[in-house]
Every structure is written in structure tokens, then in C-alpha cells.
Amino acid sequence: MGIIVNNDTKVVVQGITGRQGQFHTRLMLEYGTKIVAGVTPGKGGQVVHGVPVYDTVAEAVKEHGAEASIIFVPAPFAASAALEALESGIKVLVIITERIPVKDTIRVISYAKRGGATVIGPNTPGIIVPGECKIGIMPSHLFKPGSVGIVSRSGTLSYEIAAYLTRSGLGQSACVGIGGDPVVGMSFVDALRLFEEDQHTEAVVMVGEVGGNLEELAAEHIAKEGYSKPVVAFIAGRTVPPEKRMGHAGAIVMGRAGSAEGKIIALRRAGIEVAEKPSDIALLLRKLLRA
Amino acid sequence: MKLMEYEAKKLLENYGVPLPRRGLATSPQEAYEVACGLKPPYVVKAQVPVSGRGKAGGILFASSPDEVKELASELLSAKIGGFSVKALLVEERVQVRRELYFGITVSRADQTYVAIASQEGGVDVEDVAERAPEKVMYLRLDPWLGLQPHHARLLAKFMGYSGDALLALEGIFQSIYEAGMDYDAELIEVNPLAETVEGRFVALDARVMIDDNALFRHPELQAKYYEDLSPEERDAARHGMAYVDLDGDIGVICNGAGLTMATLDLISLFGGRPANFLDVGGGASSENVARALKIVLLRPKVRAALINILGGITRCDEVAKGILDALRSTGIRKPLVIRLVGTNEEEGRRLLAGAGIHAMKDMEEAVKRVVEIAEEVRRHGDHSQ
């Protein structure tokens, strides 16, 4: 069950010898994720929590058949790590790193598209398929197996919402963070499509926030194509001052989109329920699932 | 970070974009001297980081150096768009035949850069796009190819030019693109890009926004970036945190922008008013948590504070250590509501419990609690007056 990854997915951890890399490698292993190798240039030959470390991703792929990579590499070197993974044949890239320059991210995403690889992030908590595996940094005890798919731009807010769902007895089929940066690989629309195809997912929770127009595009997609499963959305940022406007050019490209209110209106017009506060999401889901 | 007009123009000039002859002045006397070295008539432009300067009275015209001096002393003692004017750009006034627009920015939906050309410039270009979309052309750029010469010619052609003018614009567009890429600009735009009565092209105004995340590649800009921030913003930014001042009385410290915003929304929903946005970021150290708490608690307007942490990459034990350090070292006793769950939660709670501090588990309950406490403090304060 789940989307994109499962407990057979062979994972390489880039930046495995760093503080965060080591810590989360242990947590992912404990959760059941099949971590087959780690990479830190110059530290090949070491072992972290029983996982062999290599200098290059190519070795990790050749020796262990790694298919997915999770990147903990610091921002100045993260794009290079991502390009190395893609060139070595990695098909699923989870970029945890925050504060990567947008120019670097744009290049990585463009390169990934050519090879048909999936990029989750950057600035994402990753993806978890509760009970099977997590390629990410989310606190796993807040999640439980079930049939609600969660897709979120915000990491911590998605944990919050997953915890509310879990407490109300609604488990999750998968929870994917698309990342909080202006430019990210996987979009809401991509995730909605995957959840629609996934037979274990019965309903979807979409967690958005002020800025950009990915939520509006999701609303447009649902309004145009329809959606076979109930969707509940939550949008953060109704009371914060609007994000810094990126001059006229930015405003044009976004077509005046970006405010939380605008997103809520667009989603409601598309027939999507929008929750007032995180704890309301479970109630709305129950209502829709009963209907 | 946003560059001032004079900085943006300097950058463009270094890349060969034609500009009016000009000089920067920080006093009326200096403005006079700059004007003496230029040909009249003149434009005097306040250097403030706001758009719509012209309408706000920040752009004035003069015909002699004496008049420039007079206008300079007016502008230097004025506030434009809420900013006091510290510097002026004195320029030779260009005789304009036509105003155009050219810019490059990041398109989130397209996941790449787009070049934008408009046959009409000088005004708000989004208004042109809405009123007359046929006058605006967008070109999605492949980041590995960039703006090729033929792309630039396509845009120049769209603006209605051929011959030497087309080739001149090709060079200008490419220079703007290169400047933008070299400096990690999220936005670089020339508006208006003027065609002069002599048939030359000149960048009359320019706007550049640099990607804050790329400042490590531009140390000279990084130093300036910190200078422009308020003390709280600077302290937070230097340590990888984000601080935004708001006008309420409930201090807020959270991890993750989304959770922070949702917390602010809930405070408002429950009738309170947040005093700030402070996101400690992912994986905050105890030092950063302590720093964040000090930034928030030291604000006189803060009546009560809420720490709302849901740890993923952030570890609750680090957060607890930071809270205890800050309380020990500041000695400030303002009511504090703590909500702490996630990675290493047990250890975090144990540390706080050891100091007699109870951490809550539910976010909405914690928000309700801090709103009530702030209200009590406010009422108590009113009674004591």
C-alpha cells in the first residue's frame, strides 16, 4: 500500500555521517525502511548503524541496487548531491535540506524531469507509508496505517494534522510533504493523482499555506477533471501579512494568487471542504466518508 | 533581499546595460555637485525600498543644479512610503519616445525562470497583463540553456523592433539575464525600459530581488542584508530563524513556517493577537531555542508567550534545554505556555518537569490557554492603572 515507495524500496542516505543523517538513519531503520547504503564523499568505508558508507552514489547503486535517495547534505552542496543521485539512476529523490538556493533547485528539478525521476522537496519532511516505511524525518509515532492520504506543503503542520487524525481513529495510507520552498518537485496535483490511483486511499487531506499558486492549481485540476475521492483542505496563514511580493513580474506569473483567503475561495469553488482549524479536519473527513 | 534602485543599476551597468548618467548623493550639497557634472534637465529619485515612489512624491524633476539642491534637501528630510530617505539618485533626464518592460523571475508553477516582455512599460505591468494580455509575452526558460540569443530576439521582435534596435535589445536582454543568474536574482526587472527619441534604449528604473538562500554565494550582499534588518530580525536571521514583528501581545515561538502560521491563525480565531512570527526552523539547537525565547520575552509588548513545538528533525530534549537556559539567564518572568511533542518527547518533558514546568500536548488547548492568560494579564494591567 501507499504511494511512490513501500517496504521493498531500497534507500541510500546522502549525508549519512552528519548529525541529522545519522540520527534519522537510525529512526528510519527502526521504522522498517530498507536503507541499503549511505554516501558521504571522503568517508567511504565507514559504517553508520550497520549501514555501509560509500564515497559516491554510483557505488551504492552498483553494490546494493539503491532506488531512492534521501538527502541531508547542507544547502551549498545539496544540488550537487541531488544531481549525482539522478545521474546514478536514482528514481525517487527526497530532499530534506532547507535553504537551498532556488536557482539550484530549478536545475535539479529540470534534470530530474528529463530522466522521469520524482523529486520530493526540497525543504520537505519526506514521505511516510505508516506501518511500512518512511523516507523522511517525521515523528513516526504520530502516524498509523489507514486510508487517508495526506499531502502537505508544511512539515510540522502535517504532523499536527496526522496526529489529530490518528487520535480520531483515522489512519493514513501515506503522508507526503511536497516541501515549503517556492519551487518544489512534486506538486499538489501530482500527489492528488497518485492518491486517486491508490486503491488503499479513500480520502485525501491537502495542507496548504499562503504564497504561490499550487493550491489554486489543485483546485483548478479538481474543478476541471473531477476527483473520485473526498478531499478536505486546510490552509495556514490567514492572519499573517501577505508574503513579500516579488515585484510586478512575480505578481503577474501568479496572477494575483497567493493569499490564504484566495486559496480557500478557489478550493471551496471546486467543491473541496476547507477546515477552519486542524482539529476540524477529522470531523469533515468522517462526514464525507459516511456520505 | 531587495536591492535599492542605485544598487540594482550599478549591477546592471556592470553587465553592460545602458543607463542614464547619474550619481548618488546623501546630502543637498552632494546632490548639487553631482548635478554640476551632468547635463540638465535632471531627475532626483529618493532611494527607498518601496514601489510607487513616483506617486508618493519620491521622484522629482529639476532644471538646474540649484533646483536639484533644493529638491534634495526636501527629499532627504521626507518620508516616502514610510521610509526616511537616506540617499538620492541624481540622473540626467532622458527624452523618452516609448516605455517598455523586461523582467526575469521565478515561476513557481512552471518550476523555472520566465522572461517577461511587455510592449507597454512604466506602469504596473500586472495591470497591462490584465487589461491587454496580448501586449505581454512570457517565455519559459530551460535552466540548463538559459536565455539564448534567439530567445532575446524573439522578445525584441514581439516588442515591435527590427534591424539595429532588435540587435541592441538582444544584447540588453541577455545582459539582464546574466546579471540575474550570476547574482541569484528571484526577480530582475527593468521598468520602464525606455526607447529614447534618439532611438537608444536606456534602463530608467530597475528592481532586483536576491534569493536570501543564496546570499552565502554573495558575501558582500550578505553583510548588507543583515544591516537592513531590525535587531530582532537580525538576531533571528543570523541563526537560521525567521522573525516577523506583528502588532499583538502574545509572543509565539514555533518550528516550521506552516505550523507557525497555523498557530497565529488559531490565536486570532480564539480572540487573541499574536506579537510576532518566529519560526526556529528545522533541527533547532538548544542555543537557538534560548535565543528565540529571549528575543520574544524581551519585547515589552509581549504579555504572554506560547512555545509550540512539534518535533520531527527538531528534538524535544534540545528545545527543553533551550527553554531552561533562557529562563535561567534572562530572569524575565512572563507567563509561558509550552506545548511540546514529537521526537525525543519523553526526555524533553522529563527535563521540563524537573524544573517544575508542565508541557501541554494539544496545540489547540495550548493556544486557548495562552489567549486566556494574555487576556488576564491585560485586565490585571488595566485594573492597576
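Predicted model: local features only at pLDDT ≥ 70, side-chain atom pairs only at ≥ 80, totals over all residues.
View 1. Gly348(B) belongs to helix H12 of chain B, which runs over residues 345-354. When neighbours within four places in sequence are left aside, the residues in contact with Gly348(B) are Cys316(B), Asp317(B), Val319(B), Ala320(B) and Leu340(B). Ala359(B), which is eleven residues from Gly348(B) in sequence, lies 9.0 Å from Gly348(B) in space, as taken from C-alpha to C-alpha.

**View 2. The buried face of helix H5 in chain B.** Helix H5 of chain B covers residues 149-158, and its residues Ala152(B), Leu155(B) and Ala156(B) are buried. Seen down the axis of H5(B), the buried residues fall within an arc of 100 degrees, so they line one face of the helix. An α-helix has 3.6 residues a turn, so residues three or four places apart point the same way. The elements that cover the buried residues of H5(B) include strand S9 (136-140) and helix H6 (163-182) of chain B, together with S8. Just after H5(B) comes Gly160(B), whose phi is positive, at about 100 degrees.

**View 3. The side of chain B that touches chain A.** At this interface, 54 residues of chain B are in contact with 49 residues of chain A. Several elements of chain B each supply at least two residues of this side, among them strand S7 (96-107), helix H4 (125-131), strand S10 (185-196) and helix H13 (363-384). The largest share of the side that touches chain A comes from H9(B), which gives ten residues. Sorted by class, this side of chain B has 25 nonpolar residues, 18 polar ones and eleven charged ones.

**View 4. Chain B and its domains, as a setting for the other views.** The domain assignment divides chain B into domain 1 (1-19 + 96-228), domain 2 (21-93) and domain 3 (231-384). The centres of domain 2 and domain 3 of chain B, taken over C-alpha atoms, are 45 Å apart, while the C-alpha trace of chain B spans about 80 × 50 × 40 Å along its principal axes. Chain B has 13 helices and 17 strands, and 48% of its 385 residues count as buried. Among the contacts in chain B with a separation of 6 or more, 69% are between residues 24 or more positions apart.

Definitions and conventions:
Residues numbered from 1 in each chain as written. Chains lettered and ligands numbered in written order. Contact = placed C-beta atoms within 7 Å. Helix = DSSP H or I, 4+ residues; strand = E, 2+ residues; numbered from the N terminus. Nonpolar A, V, L, I, M, F, W, Y, C, P; charged D, E, K, R; others polar. Buried ≥ 20, exposed ≤ 12 C-beta atoms within 10 Å, placed from the backbone. Domains from an automatic or database assignment. Arc of directions from axis to C-beta.
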